[in-house]
Amino acid sequence: MELEYLIKKVNKHFNCDITENTRERELVMARAVYFWLAKYTTKKSVKKIGAAVGRDHASVLYGLANLDNWVNWDDFFRVDFQALKLIILSSYETKKMTSESLLYKYNTLLIENDVLKKQLKKYQK
């Protein structure tokens, strides 16, 4: 997913603008939701995730570290977070894998594992 899409979804859901330069609790908590969604639905770095809303990587890490506390502390926030998370995650299309493709992937991983074990033994000597 793209960061702009997530920003729009969070802004609409929480009825705010998470790109605003403010420390109001509601915006900080909404930003933390965006940070979590961006971290777990994209392959973007925390630096890029933060930059999309005018924050640095430390703000992203702070938001992620405190999100669990906020979810446990505020029942309304927990419901909002879970609802938005469900909306975002349900938009993913799951990729169905056949048993043959799973077996191929499994065997490939076994081979890679053996190669890595041999390399590790070589370096430990």
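How many aromatic pairs does the structure hold? The count is 5. Keep that number in mind as you move through this predicted model.

**Stop 1: the core**

Start in the middle of things. Select Val 10, Val 33, Tyr 34, Leu 37, Leu 67 and Phe 77. These residues have the most contacts inside the largest nonpolar core, which has 26 residues. Now colour four helices: H1 (3-14), H2 (25-41), H4 (57-73) and H5 (75-90). Each of them supplies at least two residues of this core. Which helix gives the most? It is H2, with 9 residues.

Zoom in on Val 10. Setting aside residues up to four places away in sequence, Val 10 touches Asn 15, Ile 18, Ala 30, Tyr 34, Leu 37 and Leu 84. Show those side chains too.

**Stop 2: the rings**

Go to Tyr 34 and Phe 35. Their rings form a tilted aromatic pair. The centres are 5.6 Å apart, with 55 degrees between the planes. Are these two residues buried or exposed? Tyr 34 has 0% relative accessibility, so it counts as buried. Phe 35 is buried as well, with a relative accessible area of 3%.

Next, select Tyr 62 and Trp 70. Here the ring centres lie 6.2 Å apart and the planes meet at 65 degrees, so this pair is edge-to-face. Trp 70 has a relative accessibility of 14%, and therefore counts as buried.

Then pick out Trp 36, Tyr 40 and Phe 81. These three form one aromatic cluster.

One more ring is worth a look. Select Lys 122 and Tyr 123. The charged end of Lys 122 sits over the ring of Tyr 123, 6.0 Å from the ring's centre.

**Stop 3**

Return to helix H1 and find Asn 11. Its relative accessible area is 16%, so Asn 11 is buried; the cut-off is under 20%. What does Asn 11 contact, leaving aside its neighbours within four places in sequence? The answer is Cys 16, Asp 17 and Ile 18.

Now step into the loop between H1 and H2, and select Thr 22. Thr 22 is also buried, at a relative accessible area of 17%. Beyond its neighbours within four places in sequence, Thr 22 is in contact with Leu 27, Val 28, Arg 31 and Arg 55.

Draw a line from the C-alpha of Thr 22 to the C-alpha of Glu 100. The two are 52 Å apart in space. In sequence, 78 residues separate them.

**Stop 4: helix H5**

Finish on H5, and begin with its length. It has 16 residues. At 1.5 Å a residue, H5 should span 22 Å. Its end C-alpha atoms are 22 Å apart, which agrees.

Now select Phe 77, Phe 81, Leu 84, Lys 85 and Ile 88. These are the buried residues of H5. Turn the view to look down the helix axis. Why do the buried residues line one face of the helix? They do so because they fall within an arc of 105 degrees.

What covers these buried residues? The cover includes H1, H2 and H4. Show those helices again to see them around H5's buried residues.

Last, turn to the other side of H5. Select Phe 76, Val 79, Leu 86 and Ser 90. On this side, these four are exposed.

Notes. Residues are numbered from 1 along each chain as its sequence is written. This is a predicted model: local features need pLDDT of at least 70, side-chain atom pairs count only at pLDDT 80 or more; totals for chains, interfaces and linings use all residues. Side-chain values use heavy atoms; hydrogens and water are left out. A nonpolar core is a set of buried Ala, Val, Leu, Ile, Met, Phe, Trp, Tyr and Cys residues joined through side-chain atoms within 4.5 Å. Buried means under 20% relative accessible area, exposed over 50%, partly exposed in between (1.4 Å probe, protein chains only). Contact means heavy atoms within 4.5 Å. Rings of Phe, Tyr and Trp (its six-membered ring) pair if their centres lie within 6.5 Å; planes under 30 degrees apart count as stacked, over 60 as edge-to-face and the rest as tilted. A charge sits over a ring if NZ of Lys or CZ of Arg is within 6 Å of the ring centre and within 35 degrees of the ring normal. The expected span of a helix is 1.5 Å times one less than its number of residues. The arc is that of the directions from the helix axis to the C-beta atoms.
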